[in-house]
Amino acid sequence: MAGPGDNIVLSVRDLRKAFGGLVAVRDLSFDVHSGGITGLIGPNGSGKTTVLNLITGELRPDNGAILFRGEDIFGWPAFRICRARIARTFQLVRVLPHMTVRENVMLGRMFGSEPREPTRAAREAVTLLERVGLAGRDMLQGGQLTYIDQKRLELARALACRPQLLLLDEWLAGLNPTELQTGIELIRVIRREGITIVMIEHVMEAIRALCDRVVVMNAGERIAVGTPDAVLSDAAVMRAYLGADDAAA
Amino acid sequence: MALGTIVLVLLPLFASNYVLSLFILLYAYVALATAWAFFSGATRYISLATAAFFGVGIYALAIAHVYLSIPLSLLAAAVVGFLVAAVVGLSTLRLRGVYFVVFTFGLTELVHQVINWAEIKNRTVTRYIFTDVSNVSIYQTLLAAALLSIVGSWYVSRTRLGFALRAIGEDETVARHTGVNTTMVKILCFAASASVMAFVGAVLALRYSYIDASIAFNNTWSFQVLIAALLGGAGRAWGPAVGAIPLVLLSEYFSGTFPRHFPIALGLCFVVIVYFLPGGITPLILRAYHSFDASRMLRVLRTGRLPEGSELAGRFRAGVARLNGRWKI
């Protein structure tokens with residue numbers, strides 16, 4: 001059991017979710033340590049995003065427990081989980097297209113934990129936008145931004161909710177090599193500020209550079225957990241990613 | 001602005017009964033369209049239930065005015081509208097897009113038939129409304145309702161609540177994951193909007209001497225209110241009012257001269273909005289206001305030609321392009 005003073009922020013126990021006959025997440029357990037970056041990896045369709053949706057209240061788990069700072073947040077609605085200081089980004093970028101960049105961030109500041117009134121939220125939003133590298137774009141519409149800038153905006157909006165735990169769903173996907181380096185640096189800065197991060201990622205370079213621990217999923221189950229180097233040389237992980245024959249070769 | 005309000009308040013002193021009635025209808029539409037846009041414009045949950053809440057207000061007044069004073073009956077109507085919408089909202093605001101539209105359309109018919117059935121069981125088909133409320137009082141009440149709904153809608157749009165409404169319209173999932181209690185916001189605002197609709201229905205009912213279910217629940221209200229709001233533009237608090245004025249005047253003119261053709265005009269009006277003015281009239285007014293240039297205006301007046309690349313010409317071409325895309329003209 002994670003309690004106050006313990007260094008486990010999030011503890012997932014025997015989490016289960018089925019869609020009809022398909023079990024997307026099967027009795028999954030893992031811990032997230034405070035201040036670190038935990039990677040959640042696995043082949044496509046292994047249930048990573050479902051896990052993230054279960055933790056953030058987008059989906060209701062069938063069974064199990066989700067303990068955040070010792071409190072069971074199982075079955076809480078999404079808005080309450082956000083206010084309890086878990087923020088997220090989305091696999092397919094979701095900015096509010098017809099609201100300004102600043103308003104996108106203000107939303108998080110006005111409704112996340114420690115909500116602020118609009119005028120104060122607007123001021124703080126500008127500071128946050130500078131932090132993620134969007135200075136000067138605050139009056140553009142969300143939909144006018146380029147792909148990478150929309151990703152930055154999503155990150156700023158999540159940070160505006162004042163999270164202790166930040167869940168990134170393939171936030172580094174689709175970036176070119178230069179942008180990837182900027183992105184990795186940005187995540188490092190966020191961690192240094194004391195925010196715990198869980199990231200779903202396919203970019204191995206980023207996983208090696210950032211993650212302290214990696215949880216590997218396949219077909220809804222946990223098949224390995226450990227440091228990136230240890231996990232990525234694990235035979236079971238190889239099989240899951242490459243198939244049995246190639247892994248043997 | 002203040003001067004205009006004073007003129008409107010004093011209008012009954014020197015206006016004929018016909019003009020008074022026209023303005024009563026106008027204010028009713030302004031209040032209804034503003035209330036509609038307050039919820040549906042921001043959240044993009046397009047509701048066709050205006051007639052349902054309007055009718056609930058009429059029935060609430062018809063029943064309450066027997067036992068209560070008129071002001072209390074009007075208040076009761078607003079409360080009943082709020083409660084009915086809250087119950088309906090709880091069960092239906094999960095529906096999105098066209099499902100919500102169709103449901104709200106059906107809701108009017110459902111309430112209509114339920115009341116019809118209840119009335120027949122009661123052995124009453126019509127109800128009488130006996131009051132001595134003057135047209136001037138009705139005029140003043142609806143003027144106040146129209147102004148208050150615009151001011152209220154404007155005020156809320158600047159608060160956290162208004163912000164949450166817009167965010168729901170943009171992306172409800174994001175709103176939820178950013179800490180917005182979307183269910184609460186939707187139900188509260190849907191019910192607040194419905195209470196205005198019920199109130200307006202109740203005030204207008206004071207002018208009827210008798211009502212029955214088909215008078216109270218008439219889907220035309222839903223459509224005309226929606227068109228008024230979209231014509232004006234649902235993005236600003238005063239937008240729907242801007243749309244309601246031409247619509248009421250047009251409908252008054254057409255129903256006098258071509259009573260059978262009015263639905264065609266309404267339909268054309270809708271086509272024009274969709275293809276040429278997707279944002280309604282308000283963006284045009286705002287742009288004209290911000291880019292007013294006297295010398296340019298004079299040049300247009302002198303030469304009688306719109307400058308190349310003008311707003312109007314561009315809008316026309318864009319609208320034609322949309323039509324072409326749809327119909328391959």
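What follows is a conversation about a predicted model, in which labels are set against their cut-offs.

Biologist: Why are helix 2 of chain B and helix 9 of chain B called roughly antiparallel to each other?

Modeller: Helix 2, residues 17–43 of chain B, and helix 9, residues 182–205 of chain B, pack at an angle of about 170°, with their axes 8 Å apart. Angles over 145 degrees count as roughly antiparallel, and therefore that is the description given to helix 2 and helix 9 of chain B.

Biologist: What makes the contact between these two helices, and how do its residues divide into nonpolar, polar and charged?

Modeller: From helix 2 of chain B the contact takes residues including B:Ile24, B:Leu32, B:Trp36 and B:Phe39, while helix 9 of chain B gives, among them, B:Lys186, B:Phe190, B:Ser193 and B:Leu204. The residues of this contact divide into 15 nonpolar, 1 polar and 1 charged. Lys counts as charged and Ser as polar, so B:Lys186 and B:Ser193, both in the contact, belong to those two classes.

Biologist: What makes the space of about 50 Å³ a cavity, and which residues line it?

Modeller: A cavity is space where a 1.4 Å probe fits but cannot get out, and the structure holds 3 cavities of 30 Å³ or more. The largest cavity has a volume of about 50 Å³, and its lining is made by A:Arg88, A:Phe90, A:Arg157, A:Ala158, A:Cys161, B:Val174, B:His177 and B:Thr178. Helix 5 (147–160) of chain A and helix 8 (172–177) of chain B each supply at least two residues of that lining, which divides into 4 nonpolar, 2 polar and 2 charged residues.

Biologist: What is the volume of the largest pocket, and which residues are the closest to its centre?

Modeller: The largest pocket has a volume of about 1600 Å³, and of the 47 residues that line it, B:Gly41, B:Arg166, B:Ala234, B:Gly235 and B:Arg236 are the closest to its centre. The largest share of the lining, 7 residues, comes from helix 2 of chain B, and helix 3 (101–111) of chain A is one of the helices that supply at least two residues. The lining residues divide into 24 nonpolar, 16 polar and 7 charged.

Biologist: Into which domains is chain A divided, and what separation lies between their centres?

Modeller: Chain A is divided into domain 1 (1–85 + 163–249) and domain 2 (93–162), and 25 Å separate their centres, taken over C-alpha atoms. Their contact takes 19 residues from domain 1 of chain A and 15 residues from domain 2 of chain A.

Technical notes: Residues numbered from 1 in each chain as written. Chains lettered and ligands numbered in written order. Predicted model: local features only at pLDDT ≥ 70, side-chain atom pairs only at ≥ 80, totals over all residues. Heavy atoms only, no water. Axes fitted to C-alpha atoms, helices over the stretch in contact; angles between N-to-C directions. Helix = DSSP H or I, 4+ residues; strand = E, 2+ residues; numbered from the N terminus. Parallel < 35°, antiparallel > 145°, perpendicular 65-115°, else oblique. Contact = heavy atoms within 4.5 Å. 1 Å grid on protein atoms, 1.4 Å probe; cavity = no way out; pocket = protein on both sides within 12 Å on 5 of 7 lines; lining within 4 Å. Points joined across faces, edges and corners; volume = space filled by probe spheres on them. Domains from an automatic or database assignment.
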